[in-house]
Amino acid sequence: MDERDIPLRAAVITVSDRSARGEREDLSGPEAVAALRVAGFDCDDAVVVPDGAESVERALIAMITAGADVIVTTGGTGLGPRDETPEGTRAVLEREIPGIAEELRRIGAAEKPAGLLSRGLAGVARGALIVNLPGSPAAVRSGMPVVLSVARHVSSQLAGGDHA
């Protein structure tokens, strides 16, 4: 079976205090969900959680427990006082995949210098690929092709597939 034929489940977590309080519509989460669905992933609507390491850690564990193979977070990767998505993610990750985060920062910085300030991580935990994206819809549109370019291969390798 080709890795493109393997059915995979994805999840999206939007990390935003304002969206969690209903003060701002979540625009970045639906962008990520749409990209995953177009790519053939089974993906429910984005879940919105408040900023903070603990809420991110809890949401990631819940998505892994629910069977997600690929989890994309959007938001909380900057330098604000409550931007703790990387810290919550690091608490869950078993192994980091720095090349994904590096490529996302490279693309972001090419679009605007502030892209260098994203502290997002990427890695694997309990058989799931986890990638942090910045919270803007534009950053999600730019970052999802990177995620999608490797997601199926990562899932295949985590399931014991070949390195080809």
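Me: How do the residues lining the largest pocket divide up by class?
Reply: There are twelve nonpolar, 18 polar and ten charged residues in that lining. Ala, Val, Leu, Ile, Met, Phe, Trp, Tyr, Cys and Pro count as nonpolar, Asp, Glu, Lys and Arg as charged, and the others, Gly among them, as polar. Keep in mind that this is a predicted model, where local features need pLDDT of at least 70, side-chain atom pairs need 80 or more, and totals for chains, interfaces and linings use all residues. Numbering starts from 1 along each chain as its sequence is written, and side-chain values use heavy atoms, without hydrogens or water.

Me: OK, and what volume does the largest pocket have?
Reply: About 720 Å³. A pocket is an open set of points on a 1 Å grid over the protein atoms alone, where a 1.4 Å probe fits, with protein on both sides within 12 Å along at least five of seven lines, and lining residues have an atom within 4 Å of a point. The volume is the space filled by probe spheres set on the points.

Me: Which lining residues sit closest to its centre?
Reply: Out of 40 lining residues, those are Thr77, Pro134, Gly135, Ser136 and Ala139.

Me: Which element gives the most to that lining?
Reply: Helix H5, with six residues. The elements that give two or more include strand S1 (9–15), helix H1 (17–20), H5 (98–111) and helix H6 (137–158). Helices (H or I, at least four residues) and strands (E, at least two) are DSSP runs, numbered from the N terminus.

Me: What about the second largest pocket, what lines that?
Reply: Arg95, Ile97, Val124, His153, Val154, Gln157 and Leu158. H6 has the largest share, four residues. The pocket holds about 160 Å³ of space, and its lining has four nonpolar, two polar and one charged residues.

Me: H6 again! How does H5 run against H6, parallel or antiparallel?
Reply: Their axes (lines fitted to C-alpha atoms over the stretch in contact, with angles from 0 to 180 degrees between N-to-C directions) come within 9 Å and cross at roughly 155°. That's why H5 and H6 are roughly antiparallel: over 145 degrees counts as that, and under 35 as roughly parallel.

Me: Which residues meet there?
Reply: From H5, Ile100, Glu103, Leu104, Ile107 and Glu111 meet Ser142, Gly143, Val146 and Val150 of H6. Contact means heavy atoms within 4.5 Å. By class, five residues are nonpolar, two polar and two charged.

Me: And at what angle do H2 and H6 cross?
Reply: Roughly 30°, with the axes of H2 (residues 28–38) and H6 coming within 9 Å. That makes H2 roughly parallel to H6. Ser28, Glu31, Ala32, Ala35 and Leu36 of H2 make the contact with Pro137, Val140, Arg141, Met144 and Leu148 of H6. These divide into seven nonpolar, one polar and two charged residues.

Me: New topic: what's the phi of Arg126?
Reply: Near 50°, a positive value in a residue other than glycine. Arg126 lies in the loop between strand S6 (122–125) and S7.

Technical notes
Angles under 35 degrees count as roughly parallel, over 145 as roughly antiparallel, 65 to 115 as roughly perpendicular and the rest as oblique.
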